[in-house]
Amino acid sequence: MAMRRRCFLSAAAGLAALPLGCERSAPSSAEAPSSAARAELLIHARVYSGGSGPVRGVAEALAIAGGRVLALGSRAELDGLRGPDTRVLELGEAFVMPGLTDAHAHLLGLGQTREIVDLRGAATLDEVRARLRAGAPPGEGWVLGRGWDQNLWGGAMPTAAELDESFADRPVWLRRVDGHAGWANTAAMELAGLSADTPDPEGGEFLRDEGGAPAGVLVDAAMDSIPVPEPSAEDLERWIRTATQEAASLGLTGVHEMGLGGEAHRIFTRLAQAGELPLRVHGYASEAWWRAGLDGEQPGQVDPTTRYALAGIKVYVDGALGSRGAAMLAPYSDRAGHLGALMHEPQYYVDISTQALERGFQVASHAIGDRGIRTIIEAYAAAMAATKTADQDRRLRIEHAQVIAPEDIPRLAEHGLIASMQPTHATSDMPWAPARVGPERLAGAYAWQRMLAAGVPLAFGSDFPVERPSPLLGLYAAITRQDLDGQPAGGWLPDQRVDLDQAIHGFTAGAAHAAHREDHLGRLGPGYAADLTVLAKDPFTLDDPRELPELEVLGTAVSGELIGL
């Protein structure tokens, strides 16, 4: 389909109707309305159009009708679109931008995290135990928590004995902050029947004591052995409602939800049909549900009205750097001889990707280490060749892509692959990542600018609840590569920082492209869905980037339906 460039004018103060931006738009589904159309809502504010043009436009006003953008321009220009029932929203110096989308997240995990013991930031083992004692539910049942990070207390992995001091009889199960390792006490391991004779599973590892028995930390696939009670449908719905409301309050209008099961899919579908989802959810099925047949489900159709659709499948190629489970081409610099692990043999990824493509599903593959990333690049290439889709726009995704061999970056562009990356992973990992991978491999670490230079599309997200869910934290990390105290000076590996336009693009147009929804999401232009994030202040005018995470989110809109405004 031919594309055209569209420019709009703004009469913003001091610019006197100069053209501020030209952007590409897809005429097939994003046509400008007729001159007879009238606005249902006019918003007066600083309106940032976003999108893919080299210069993004800033207008004074935005007109909305029928859930879509009617026009952008000066107040005077848009005043002519008023009708007798037009509502006018005066927002002063507020900043209206395309709705921010988290391209990799776990709403179910976020909702569950709000009900279990939060261990994020615990700096000592004593603090972990104190939080568990304070937050454990009454009774004799399981004590669940998430968020511990051994790097905060010296780097040594904890043991079951360190939990047994406080919980000798109740089973305790604590997921690491990255979700790729778990910490169990002796009672939990006894329920699992673990012993020195228990072998490591494919794609997982039991960290062991001197006698060879599991010591308490289980990595990746080994975690499946702990018999944590399954959540009920009521639990899942409660978590979804909690998490979607929180995400919307933080300025998100969309989430790409990774790792759905059948029951969660049915709940999302029902809530969307009832008009009870405050944002758009683009769903990716778990491998377990895929292997069970997806209950016969087919890929969902998307258009500007869609609040929920099942789009693809989520596949795990390797683990995480923090627990040394990411699959590396050479051993970890801080664990001699250890390469991490692939979750399955390479042919598995060829087969599952081929099957998904044959059924019309997109594939989103978790791959963090350079060996894991290379494995899935090769699997995707083989799958596209097998299904004769190598020249088609399938947009297969690599989730995280944290440490890639630099010579593999052009291969992503060659095969049309998307790098779905999380800026806050870089700033969370920077204190210890150099020790994990060594200085030479840092050339491919969280390499956003190298990806862009090679023509690799980026989609940005947070991976919440691994990281905090605010997209403003992601924008800050992307442009600074610093912690919230502004350290290190100049940023970590600063040549890979992106500018604010590029960062916003990753959370808007980049996320839309990754979901095959760029014809109606990701920018503000005539005919596009009126998905908006509204900030109290223009982030481009901040004196100090550390102000960015603290900006007030005034509200959002999805298809013109306002929340908080």
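Is Trp-153 buried or exposed? It is buried: Trp-153 has a relative accessible area of 18%. The cut-off for buried is under 20%. Keep in mind that this is a predicted model.

Let me stay with the rings for a moment. The whole structure holds 12 aromatic pairs. One of them joins Tyr-48 and Phe-95. That pair is tilted, with 5.6 Å centre to centre and 35° between the planes. It links distant parts of the chain: Tyr-48 sits in strand E3, residues 41-48, and Phe-95 sits in strand E6, residues 87-98. The two are 47 residues apart. Tyr-48 counts as buried, at 3% relative accessibility. Phe-95 is buried too, at 0%. Now Trp-153 again. Trp-153 pairs with Trp-148, and this pair is stacked: 6.3 Å between centres, 20° between planes. Trp-148 is at 0% relative accessibility, so it counts as buried. One more ring item: Phe-540 joins Tyr-48 and Phe-95 in a cluster linked by ring pairs.

Next, the sheet. Six strands form an open sheet, in the order E8-E9-E10-E11-E13-E12, with mixed pairing. E8 and E12 are the edge strands, and each pairs on one side only. Inside the sheet, E11 and E13 run antiparallel, joined by 3 bridges. Gly-182 stands opposite Leu-218 of E13.

Which side chain does the side chain of Glu-205 make a polar contact with? That of Arg-335, at 2.8 Å. Glu-205 counts as buried, because its relative accessibility is 17%. Beyond its neighbours within four places in sequence, Glu-205 is in contact with several residues, including Val-217, Leu-218, Val-219 and His-338.

Now helix H3, residues 125-135. Leu-125, Val-128, Arg-129 and Leu-132 are buried there. They share one side of H3, because they cover an arc of only 95° around the axis. An α-helix has 3.6 residues a turn, so residues three or four places apart point the same way. Asp-126 and Ala-134 are exposed, on the other side of H3. What covers the buried residues of H3? Strands E8, E9, E10 and E11 are among the cover, and so is helix H4.

Helix H16 spans residues 500-507. Its buried residues are Leu-500, Ala-503, Ile-504, Gly-506 and Phe-507. These cover an arc of only 155°, so they lie on the same side of H16. At the start of H16, a side-chain oxygen of Asp-499 comes within 3.2 Å of the backbone nitrogen of Asp-501.

A quick word on strand E7, residues 100-105. Here 6 of its 6 residues are buried. E7 pairs with strand E14 in the parallel sense, over 4 bridges. Asp-102 has Val-255 of E14 as its bridge partner.

Last, the cores. The largest nonpolar core has 99 residues. Leu-321, Ile-398, Leu-412, Trp-448, Met-451 and Leu-548 touch the most other members. Helix H10, residues 370-386, gives the largest share of this core, 7 residues. Take Leu-412: leaving out residues up to four places away in sequence, Leu-412 touches Ile-377, Ile-398, Met-451 and Val-456, among others. A second, separate core has 20 residues, including Ala-122, Leu-132, Ala-136 and Val-172. Recall that Leu-132 is also one of the buried residues of H3.

Definitions and conventions. Residues numbered from 1 in each chain as written. Predicted model: local features only at pLDDT ≥ 70, side-chain atom pairs only at ≥ 80, totals over all residues. Heavy atoms only, no water. Buried < 20%, exposed > 50% of the residue type's maximum accessible area, 1.4 Å probe, protein only. Arc of directions from axis to C-beta. Polar contact = N/O pair within 3.5 Å; in protein donor to acceptor, adjacent residues only side chain to side chain. Contact = heavy atoms within 4.5 Å. Pairing = 2+ DSSP bridges. Core = buried A, V, L, I, M, F, W, Y, C linked by side-chain atoms within 4.5 Å. Phe/Tyr/Trp six-rings, centres within 6.5 Å; stacked < 30°, edge-to-face > 60°.
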